[in-house]
2 protein chains.
Amino acid sequence: MSKQQEKSQQTRHELEAAAIRLFGQKGFLETSIAEITSSAGYSKGSFYRHWESKGELFLQIIEDKLKSYREQRDGQHPKARDLDEAMGAIWDFLETIIDDNDWSRIFLEFTMHATRNKALRQALNQGAYRLSNELFASLVGEHVDSGYPPEKIGALNTALFEGFLIHSALGTGVLNKTDVRRAALLLARSNALKSNAE
Amino acid sequence: MSKQQEKSQQTRHELEAAAIRLFGQKGFLETSIAEITSSAGYSKGSFYRHWESKGELFLQIIEDKLKSYREQRDGQHPKARDLDEAMGAIWDFLETIIDDNDWSRIFLEFTMHATRNKALRQALNQGAYRLSNELFASLVGEHVDSGYPPEKIGALNTALFEGFLIHSALGTGVLNKTDVRRAALLLARSNALKSNAE
DNA sequence: ATCTTCTGTAACCACCGGTCACTTATTGAC
DNA sequence: GTCAATAAGTGACCGGTGGTTACAGAAGAT
């Protein structure tokens, strides 16, 4: 790699890091390009050497993070013995999202924008939700035997996770991680969902 | 009420209605004051006769809606006989929120902003979440007898609802209302949450 | 009739995302 | 080593934004 390319990549990473911090703390629209560049020690115009628009950077940040999550998932094969163990592994993973304050806020904001934008919605469905639903659904298909569709169990668990993510971001403090893990496990045992009996 | 006051109130309502529609469809920050006023047939400056800022209008819209929800709740006393019936009444109510597309998007967006703003966070905790948690918790306290704290059951159900609200706003279509009602009922039966047994 | 009060107007400000002509540093052919 | 080509980085600039304010004109009081 040439000196120029190295310098360019370094600048790119510096701007990215500044953007992630500012997007997380202030929000996407509330953060100006001038803020991003100047907080990393550059001028506004330099931004456009690396991205076409602020939106493109936002999308790239999302996709990079989802890619790293996917790699993280593929890297570990815990071979869970039962439902409890498998669910535990999933929530160990999900809690790293919740614990990363900047990122969880960026993700929630991206989700909001996706409710109004078809292209973003597709990116989200094929990215984050597919990842989450796959995680839950495969686990259910492997460890739970009932007629209730695994993808519904997956979606219910994803919904619960997203609700808890908001709960955590708001810092209301009624629920803790253990509460939600128990609830998720309850939802994964799908027999009670199919028939309404206990 | 004088002619002037009448005219002023009418203008206010016209601007409010235009704002709700635009905030829902485009988002708060993406909607300009000029758009709100001109779509209602007024000039930009007139806005400031009625509100101090766009943020004040946003907050007022939220508070008005929450107030109307609270009145709606207090107005009906269904005297549910059992858990299923009581939960059904709550979800009949919650689904009116989901079915109102503009409003549910506005609410989600407000929630996002609240994760970064203490004043908004307090307004949300004392408004929407208190309402939702109270609804669920009182129901659980009345119909379910177990050692698991009712406010936790309330918060879990609120989280599930919020996740489903996002799910609906994104239109992924895996879950339907019946699925979530069943899951909510499952979470309300707290015995299984306390001990992890089925 | 006229003086006051209040709604609505439009010009104005600082700042935004994005563009572009420019400077400066690196590269590679000779 | 020379020098033209290429690249990164700069900052003035553009149309449009949220917000401010001096002013016009209708309504109300006397």
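Visitor: Hi! What is the relative accessible area of B:D99?
Guide: Hello! B:D99 has a relative accessible area of 49%, so B:D99 is partly exposed. Buried means under 20% relative accessible area, exposed over 50%, and partly exposed in between, using a 1.4 Å probe and protein chains only.

Visitor: Before we go on, what kind of model is this?
Guide: This is a predicted model, where local features need pLDDT of at least 70 and side-chain atom pairs count only at pLDDT 80 or more, while totals for chains, interfaces and linings use all residues. Residues are numbered from 1 along each chain as its sequence is written, chains are lettered from A and ligands numbered from 1 in the order in which they are written, and side-chain values use heavy atoms, with hydrogens and water left out.

Visitor: Back to B:D99, then. Which residue forms a salt bridge with B:D99?
Guide: The partner is B:K177, with the closest N and O atoms 2.9 Å apart. A salt bridge here is a side-chain nitrogen of Lys or Arg within 4 Å of a carboxyl oxygen of Asp or Glu. B:K177 is partly exposed, at 30% relative accessible area.

Visitor: Where do B:K177 and B:D99 lie?
Guide: B:K177 is in helix α8 (residues 177–188) of chain B and B:D99 in helix α4 of chain B, so this pair ties together parts 78 residues apart in sequence. Helices (H or I, at least four residues) are DSSP runs, numbered from the N terminus.

Visitor: How many salt bridges does the structure hold over all chains?
Guide: There are 23 salt bridges over all chains. One of them joins the side chains of A:R181 and A:E95, at 2.9 Å from N to O. A:R181 sits in helix α8 (residues 177–188) of chain A and A:E95 in helix α4 (residues 83–99) of chain A, so parts 86 residues apart in sequence are tied together.

Visitor: Is A:E95 buried or exposed?
Guide: A:E95 is buried, with a relative accessible area of 10%, whereas A:R181 is partly exposed at 24%.

Visitor: New topic! At what angle do helices α1 and α3 of chain B pack?
Guide: Helix α1 (residues 3–26) and helix α3 (residues 54–75) of chain B pack at about 90°, with their axes 11 Å apart. Axes are lines fitted to C-alpha atoms, for helices over the stretch in contact, and angles run from 0 to 180 degrees between N-to-C directions. The two helices are therefore roughly perpendicular (65 to 115 degrees).

Visitor: Which residues make that contact?
Guide: From α1(B) they are B:R12, B:E16, B:A19, B:I20 and B:F23, and from α3(B) they are B:K54, B:L57, B:F58, B:Q60, B:I61 and B:D64. Contact means heavy atoms within 4.5 Å.

Visitor: Last one: what about A:E162, where is it found?
Guide: A:E162 belongs to helix α7 (residues 150–170) of chain A. A:E162 is buried yet has no salt bridge, and the nearest side chain of opposite charge, B:R116, is 13 Å away. For charge, Lys and Arg count as positive and Asp and Glu as negative, with His and the chain ends not counted.

Visitor: And which residues is A:E162 in contact with?
Guide: Leaving aside neighbours within four places in sequence, A:E162 is in contact with A:F107, A:T111, A:Y129, B:G163 and B:I166.

Note on methods
Parallel < 35°, antiparallel > 145°, perpendicular 65-115°, else oblique.
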